[in-house]
Amino acid sequence: MIGWITLGALRPTHAAQPQLSAQLVLVHGKIITVDAADSVAQAIAIRDGKILRVGTDAEILALVDPHTEVIDLKGRTATPGLIDTHAHIASGGLSELYEVPLGDATNVAEVTARVKAAVALLKPGQWVQGSGWDEGKLDERRYLTASDLIAVAPNNPVWLEHTTGHYGVANDYALRLAHIDAQTPDPSAGTIDKDAHGNPSGVMKEAAQELVTALIPPPTAEQRRKGIEHILEVMHREGMTAVKDPDIDKETWDAYRAVLDEGRLDAHICVLWHGGSTLAAAQAALTLFQAAPRLPQSLGDGRLLSCGVKIFMDGSGGARTAWLYKDWNKNSTGVDAGNVGYPTTDPQVYRQQVALMNRAGVPVGTHAIGDRAIDWVVDTYLQVLREQPTHGLRHSIIHANVPTDHAIETMAMLQKQYDAGYPELQAPFLWWIGDTYAANFGPARSARLIPLQTYLKHGVIWGGGSDYSVTPLPARYGLWSSVVRQTLKSSYGAQPFGTAEAVDIHTVLRSYTAWAARQLFLEQRIGSLEAGKDADIAVWDHDPYTIAPAQLRDLRCQLTVFQGKIAFRQ
Ligand SMILES: [Zn+2]
């Protein structure tokens, strides 16, 4: 310790030595900066958590002193730490630790076997929770039902959430606990699915889910903290250093704060508060928002930010509940006659909620999947911004799956005039739930699903993301999906969405870095590797700019630096 104090005392002042030495340098590599010119350098120097300089090996090696840690990249490629603008990491981390994983189940028997194994560890009456199933990935290509679960969990309530989070299946025990039978009416903006005899099938969609999920004991504060710590590790393994976590509650915010107070929140986390579907719920969200530091302020030096409020306009492309102009399809070319989905928030109430937020200077993120929902959202943004012109709230359209021409033109106008109207979209939908999507959207809409090329042509920029745990968290899947547009199982052909709307890797990487940083209100700090910005860096086994597009999915992160500190090293 004495040596350290002596060194500190002898350290020259800034004025005496303008060129400070680096604490960490990465040299002999390819540094993809994602700056405005998309420039590529050889090496990068870091000091006090910030990027000191990006340049040639000679320039960076000149900043090395005996205390500098030097990492030889040996030709490997570094990018800015990847950013996900829409990932439910707090709840996903909890699911990974405490629920039965069903994302890789390929048939109904596999699901029931896993539930049976979970039941064996519990007492009668205790809840079994699972998540991640998707009929598009099951050989049977049908929903799970309560009858699938009778034999394996006769004495325990079971709730298995679909990968989209927009529906799930309860077993008979859980339905009894919730007092749901053939006579139970659908709640507004929700569906209790019925079988051929008019009895509940166990599948509960949208708001109907809460009839069951409200009975499940909430996680403890400790479980919430552990879930966050777990997911931060997953992020770092995947070169990810920032996430917008949408739709959170007070307990989740408190858990983030607790992890921050422990000194373990090694990522930029920006949250959207749950806005609900009534004006009273929006008021409550506004109160929570206003109790947190006001943007651009943050907690923990850019680590925890209160970024706005999330509202749902419609449902899901998996449950065929998203709000469309024309009937949903079934099995691609079939028609789900009479079903155009529905708004999950009354459209007029939604408009009042957004006006309330806009007046208060609060950014809004709205979930909108269907063409009709997206139109309503962008028209609402334009209307409230004309009434109360505000620049830079960056109201977003979450998912924006099948936008009309009108919606895209309005987004372009909103971005230009108000710095608002940004899609926060998830190319991995095309892959992970792509077979279900191809079945439900049908051929005509599929060609227009997640139209990146059209966005680009209209000057619309977007933030990339996963919607984890709807799709897996690693951002490399989004890099790949944006370029390749392939489904997981090729049930309706490998590329039912075509390739006309694909973009190149340079564009995609920007959507997961510089453009994404804007949606976290952190573009001054992160999203590109430039002097003065936070040293958030990912090093990869291959160069994403030069490998074959098919290989993007298999990129392996070898080193992750967060604010100058090594967060992961292979
Ligand atoms: Zn989501």
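Metal donors here are N, O and S atoms within 2.8 Å of the metal (3.2 Å for Na, K and Ca); water is not among the atoms, so sites may look incomplete. The model is predicted: local features need pLDDT of at least 70 and side-chain atom pairs count only at pLDDT 80 or more, while totals for chains, interfaces and linings use all residues. Residues are numbered from 1 along each chain as its sequence is written, and side-chain values use heavy atoms, with hydrogens and water left out.

**Stop 1: the zinc ion**

Select the zinc ion with H86, H88 and D467. The protein donors are NE2 of H86, NE2 of H88 and OD of D467, lying 2.1 Å from the ion. Along the sequence these donor residues follow the spacing H-x1-H-x378-D. H86 sits in the loop between β8 (82-84) and α3 (89-98), and D467 in the loop between α16 (452-457) and α17 (476-484), so the pair ties together parts that are 381 residues apart in sequence. Helices (H or I, at least four residues) and strands (E, at least two) are DSSP runs, numbered from the N terminus.

**Stop 2: the four-stranded sheet**

Next select β5, β4, β1 and β6, which form an open sheet in that order with mixed pairing. Two strands pair if DSSP finds at least two bridges between them. The edge strands, each pairing on one side only, are β5 (50-55) and β6 (69-72). From one strand to the next, the twist averages 15°. Strand β1 (residues 24-27) pairs with β6 in the parallel sense over four bridges. To find one of these, pick L26, whose bridge partner in β6 is I71.

**Stop 3: the six-stranded sheet**

Move to the open sheet of six strands, ordered β9-β10-β11-β12-β14-β13, again with mixed pairing. V128 stands opposite V158 in β11.

**Stop 4: a helix pair**

Finish with α12 (residues 371-387) and α13 (residues 405-418), which pack at an angle of about 30° with their axes 9 Å apart. That makes α12 roughly parallel to α13 (angles under 35 degrees count as roughly parallel). Axes are lines fitted to C-alpha atoms, for helices over the stretch in contact, and angles run from 0 to 180 degrees between N-to-C directions.

Which residues of α12 meet α13? Among them are I374, V378, L382 and L385 in α12, and their counterparts in α13 include A407, M411 and L414; contact means heavy atoms within 4.5 Å.

Conventions: Parallel < 35°, antiparallel > 145°, perpendicular 65-115°, else oblique.
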